[in-house]
Amino acid sequence: MEKKSCYHCGNAVTVFNRIDYDDKEFCCNGCKTVYEIFNENDLSCYYEMQTSPGATPEDAQGKYDFLDKPEIVDKLLEFNEGFTSIISLYIPHIHCSSCIWILENLQKLNEGVYRVLVNFPEKKATITFNSEKTNLKEIVLLLTKIGYEPYISLSNYEENKKPVDRSLIYKIGVAFFSFGNVMMLSFPEYFNIDDVWMEQYRGFFRWLILLLSLPVFFYSASPYHISAWKGLRSKNYTIDIPMSLGVIVMFVRSTVDIIFNLGPGFFDSMTMLVFFMLLGKLFQQRTYNFLSFERDYKSYFPIAVTKLSDENKEVSVQVYDVQKGDRLLIRNQELIPVDAILISDRAFIDYSFVTGEAVPVEKKSGDKLFAGGKQMGDVVEVETINTVSQSYLTQLWSNDVFQKKADFKYKTITDKISHYFTPALLAISLLAFTGWAFVDWNIAFNVVTAILIVACPCALALTAPFTLGNAIRILGRKKFYLKNVTVVEQMVKVDTIVFDKTGTITTSANSVIQYTGVDLSKQQQEDIRNIIRGSNHPLSRKLYDFLSSKITLKPDSFEEIPGKGLIGIINGKQYKIGSAELLEINKEKVLNETSVHICIDKEYKGKFVFNNHYREGLTELFFKLKKNKYKIAILSGDNNGELKKLEKILPKGTEFVFNQKPDKKLEYIKNLQANNRNVMMVGDGLNDAGALAQSNVGVSVSENVNVFTPASDAILDAGEFRFLDRFLNYSKLSIKVIKMSYMLALTYNVIGITLSILNKMSPLVAAILMPISTFSIISFVTVMTNYYAKKTLSIKAKKRGT
Amino acid sequence: MSVIYLLISISVFVAGLFLYFFIKSVKSGQFDDAYTPSVRVLFDDEVKKDLQPSQKKSKKEETFKENQI
């Protein structure tokens, strides 16, 4: 059968969900409705820029009622005066140019909207609207209706707008301005040293150069001076010390030279050096604006919940205002924000968020529900027994262990080198000084300053920022997003990898379901859905969600045979739904495949196949990691039901630990670290948050990186999970590039220092040597990191690997 | 020859002016999002080109409906 996809969202169109409209196929009513809206408003070229750019709209019934409350809206609005209001909304679905286009044409769908500005990298839309003609709730509902549901959570409510720090850019701007002008003014000096013309203007040029260099020394280079001073006080000899020292010596000597008319000084080199240093700093600041590496429970919590007042009226109430004893309504897929007792008959609570347990737990009336659980199914009523701040999850989070990002005294590779470099440099200058002092005091001073200037570890200090900055860019392109450059270095040291089970090595609950066999009619689909409605088995729940037909009647008879399946009679027809055993048919058992067979009136129809439970390439990945001498462990909040299966597909020596609560997971990582192991934790949910924070490198795996991930050092797109070994290899190669580049830098330094010791270093030589070393280092590391990326991360390597 | 003082002063002044405008525009957040404007600039044409025929069409439809009534 030809594979068809929804015109709006691109999801697969199957016989179960197909809707024909306007000669196009849609996967559900929601998608069709969005298409209709766009079509009616002349916005249909939304579909022309990108094929199937949309998202299925979610049902938002009652979800945004809290936006009726002015005090909540006030907190969310960025600007509100008169009738003009501005709101910035985070919209995870923004992913292509069609998205920008449709959102920026929102005023065609709602008259109250003045204009919308999309910030694509941050996935934010800033909406200016007339608060008389429309309101925030209407806008949010409209966005939700067209598939662009904004994400509003408790952290929006509390967030204080942090001013953006742009000082680095200013510093670079100033440095570039000075560098360019100083260079230009230095040129006459390079070539016309004894010219008559030059004699006349030399003073003017030199003083102007001095003047232009002042802001560079005092403003642009200030971060280096400050950090060098801090390093000296804490006896931590970082690379900033020789750098700051170099800049200071350059500045002082050049100033002295110019004031006493001894020479042109080294201001050209100094300004250039500072400029490139700052550029390196900017380069390694790769930020993924749409990702956040530091999230806490607040980004998961809703701003408000629905409370039942005494007269049984539904009112929205801010979560912090929830009192003990309040009755709350929790809708499908909503998070329970406080510990509570269930009042409704029964509820299915998905605790995967807190414990990692994948299967929803059934709760009966009177059972205690913990905060952090998600209700699956119908609306339930609960009575709170705590306030938000006293609930289990909040308490857990406020726990110090969870808060503290393990405070390693981490030494970067540059710091390590400079630890030897700085004392050696000082020793050499001292020796040179004493040597020349016997000959001539003036020369001795000249030599020492020249050494400090050329040895100023320009190349050395540029290597790491440019290599690692480039490395995280390349990894980012492969959908492995690192928080900062030090993560690359830490990845190299990892010798133990701990995986969470649910959601990390297994795919998430809503996996794709496929049907093979004789086509089922609409009626039959409906019947099946009605029968499985009564079952609590996880597969039934999944299948129930998958079939989109209506719920009409209750089956005449219904029987659930544990471990086998369901038998139900509806409309006089007997349905057998379940395993091959139940249906008494001989079917080959496919390893690692879960399927539900359908039989109607003793006639075999076909089967629903639940896609591979474990992630693709899991076994290969584990064997490769094993080969690379990593110690592997699986840490799960689940019970050990799958132990046998896992043992079969994973290499020997993999450690399995089950039934681990969040704090136990953290404890486990701590124990490993106490045994001098460098641990990489790969997890996904909030239940891993403590372990992710404790580990040396915390990687959170996410099916959709726009959706929320716990605080971590790196975010890995779930589709790239099987390439984890390559990312580890690549980080090793990056460090190799740094080491090679250090050799190159050292060569330059040896040449420069030798020239200086021999008193042959003139400003002109310095002006030539410095840019050569800078450019060659930058191009060397860029070429090498890209070369290794091609070698280890490219598609060719993929073919070889599999 | 003293014109060189004047010329260099002017050139530095102009460069300083550029620096001032650069810092000012950074401060205003103009460079915070370097991607979206590059896409946005391509839209305008497309919308106009595409809207006109469809607008006409819908107007035609409207008149058609009115006529029917």
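Me: How many residue pairs are in polar contact between chain A and chain B?
Reply: In this predicted model, the count between chain A and chain B is 4 residue pairs in polar contact, both residues being at pLDDT 80 or more. Across that interface the rule finds 0 salt bridges.

Me: Which elements of chain A give two or more residues to the side that touches chain B?
Reply: They are helix H2 (46–49), helix H4 (97–104), strand E5 (113–119), helix H7 (167–191) and helix H8 (196–220) of chain A, and the largest share, 8 residues, comes from H7(A). By class, this side of chain A has 20 nonpolar, 5 polar and 5 charged residues.

Me: What area do chain A and chain B bury between them?
Reply: The two chains bury about 2,600 Å², 70% of it on carbon and sulfur atoms, with 30 residues of chain A in contact with 29 residues of chain B. In chain A, the residues that lose the most area to chain B are Asp42(A), Arg166(A) and Tyr170(A), which together account for 21% of what that side buries.

Me: In what order do the strands E12, E11 and E14 of chain A form their open sheet?
Reply: In general, strands of a sheet pair through backbone hydrogen bonds, either parallel or antiparallel. Here the order is E12-E11-E14 in chain A, and the pairing is antiparallel. Strand E12 (361–364) and strand E14 (374–376) of chain A each have a single partner strand, so one side of each is left without a neighbour in the sheet.

Me: Which residue of E14(A) is the bridge partner of Ile349(A)?
Reply: The partner is Gln375(A), and strand E11 (residues 346–350) of chain A pairs with E14(A) in the antiparallel sense over 3 bridges.

Technical notes:
Residues numbered from 1 in each chain as written. Chains lettered and ligands numbered in written order. Predicted model: local features only at pLDDT ≥ 70, side-chain atom pairs only at ≥ 80, totals over all residues. Heavy atoms only, no water. Pairing = 2+ DSSP bridges. Helix = DSSP H or I, 4+ residues; strand = E, 2+ residues; numbered from the N terminus. Contact = heavy atoms within 4.5 Å. Buried area = accessible area lost by both parts, 1.4 Å probe. Salt bridge = Lys/Arg side-chain N within 4 Å of Asp/Glu carboxyl O. Polar contact = N/O pair within 3.5 Å; in protein donor to acceptor, adjacent residues only side chain to side chain. Nonpolar A, V, L, I, M, F, W, Y, C, P; charged D, E, K, R; others polar.
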